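Hi everyone, thanks for making time. Let me put a model on the screen and walk you through a few side chains.

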Amino acid sequence: MWKLASVVLATAAVCAAADPDLTGIWSPSRATGPGAPAPPTPIVVKPAYKATFDGLTAKIREASARGEQYATKGLCSPYGMPTMLQVAVYPMEVLQSPQQVTLIGEAFSEVRRIYMGKKQLPLDDIAPGYYGHSVGLWDGDTLVVDTIGIKESVQGYSNLPHSDQMHITERIRRVSADRLDDQVTIEDPVTLEKPVVYTLVYRLLKDYEMVEFVCDNNREYIDENNIVRMKMGSQK
């Protein structure tokens, strides 16, 4: 009996020490009522970038009012961070090991790696890219992720301008068996007056298999007014 009790206690200790499980395929969703995250904080850009940001925002709204899409990136270029975290209704898969958490977006098959338990690199040692360099650690049941090194040409959150100094902090938590929250904080000492904070909500997709999404033989193109159009018939 004593040995059995010891085994039970040891097993319980191992389970208690285990990292929370974020594994699964998660679909962008919304949460309303009690338990809903706080609304996004306002985007306040510095004066030197305000005219550019306001002008782009106005063009996007005008195109949307006409039922058109204003191009804010190349048609086949990745969304990158942080936009890849939520692209329309396309799901995201989370794969988890003690050394790495991997996020795979179905849209454009984007892959992002979070290296666990490592120190963040100096910015000068990171080759700027679409996803930057991400390191993570556990704070209780929350995965805290630090990301830097995103190149300036990558589409920003809500199309806000950013510099190579942009710093993204995420707090990813499995709120319930079928809900995952990602609180995102964006800081940029060059372009932002204050941090931007928003929370993404996902719902678990059970028995879903990710679909290959490659920008190949794309019939869309961007016209002279930066509007996304569709090639018709034999148009090349």
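Let's begin with Arg 179, which sits in strand S8 (residues 179-187); strands here are DSSP runs of E, at least two residues long, and helices are H or I runs of at least four, numbered from the N terminus. A word on the ground rules: this is a predicted model, where local features need pLDDT of at least 70 and side-chain atom pairs count only at pLDDT 80 or more, while totals for chains, interfaces and linings use all residues. Residues are numbered from 1 along each chain as its sequence is written, and side-chain values use heavy atoms, with hydrogens and water left out.

Is Arg 179 buried or exposed? With 8% relative accessibility, Arg 179 counts as buried; buried is under 20% relative accessible area, exposed over 50%, and partly exposed in between, with a 1.4 Å probe and protein chains only. A polar atom of its side chain lies 2.8 Å from the backbone oxygen of Gly 35.

Now the aromatics. Rings of Phe, Tyr and Trp (its six-membered ring) pair if their centres lie within 6.5 Å; planes under 30 degrees apart are stacked, over 60 edge-to-face, the rest tilted. That rule gives 5 aromatic pairs. Tyr 79 and Phe 108 have ring centres 5.6 Å apart and planes at 80°, so they are edge-to-face. Phe 108 is buried, at 19% relative accessibility. Tyr 157 and Tyr 198, with centres 3.9 Å apart and planes at 5°, are stacked. Tyr 198 is buried too, at 5%. Finally, ring pairs join Tyr 79, Tyr 90, Phe 108 and Phe 213 in a cluster.

Methods. A polar contact is a pair of N or O atoms within 3.5 Å; within protein, one must be able to donate a hydrogen and the other to accept it, and residues adjacent in sequence count only if both atoms are side-chain atoms.
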